[in-house]
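Please read it with the structure open.

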Amino acid sequence: MSEAAELAREHHRAFNDRAWSRAPQLYSPDVVMIEPGGTSHGIDAFLAHSQGFARAFPDSRAEITSLIEAGDLVAVEAVYTGTNTGPLATPAGELPPTGQALTLPYCAVFEVVAGRIVQQRVYYDQATFAVQLGLAPQPA
């Protein structure tokens, strides 16, 4: 397994363990995260985003189901599961907890330079996210 693949796996382990102190070993200080809700720049913003999801879904876990690597790029397919029992920060403001369970498949692409993750691009279906939390109606 390559260094890049191991960093992607360690990223998921650190989130599941809520081991925020591992961040300096995993991420570049100017890490960029791009996801449907927006873009964060820098390790502090990256951690705030991750901690926000951990607060909104305290029982959450992110589990890799497949991993493909190509040099300094790693793509993972994974599933994020949890129950929304805490407030969820969104670009439009904070949403109160819904109490709903979430099972959200996603894809993340990690770029690694000099032994650190410099960029993470995350892709998931926002409609699935909203429907499962009861924020949007079930499709017909």
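The points below take the pocket and then the cavities.

1. Basis. This is a predicted model, in which local features need pLDDT of at least 70, side-chain atom pairs count only at pLDDT 80 or more, and totals for chains, interfaces and linings use all residues. Residues are numbered from 1 along each chain as its sequence is written, and side-chain values use heavy atoms, without hydrogens and water.

2. Largest pocket. Its volume is about 320 Å³. A pocket is an open set of points on a 1 Å grid over the protein atoms alone, with protein on both sides within 12 Å along at least five of seven lines; lining residues have an atom within 4 Å of a point. The lining has 16 residues, with Gly-37, Ala-89, Thr-90, Pro-91 and Tyr-124 nearest the centre. α3 (43–56), β5 (88–90) and α4 (126–132) each give two or more residues. α3 gives the most, four. (Helices are DSSP runs of H or I, at least four residues; strands are runs of E, at least two.)

3. Largest cavity. There are two cavities of 30 Å³ or more; in a cavity a 1.4 Å probe fits but cannot get out. The largest cavity has a volume of about 310 Å³. Among its 16 lining residues, His-49, Phe-53, Tyr-80, Tyr-106 and Val-122 lie nearest the centre.

4. Second largest cavity. Its volume is about 80 Å³. Its lining includes His-11, Trp-20, Arg-22 and Leu-47. α1 gives the most to this lining, with three residues.

Methods. Points joined across faces, edges and corners; volume = space filled by probe spheres on them.
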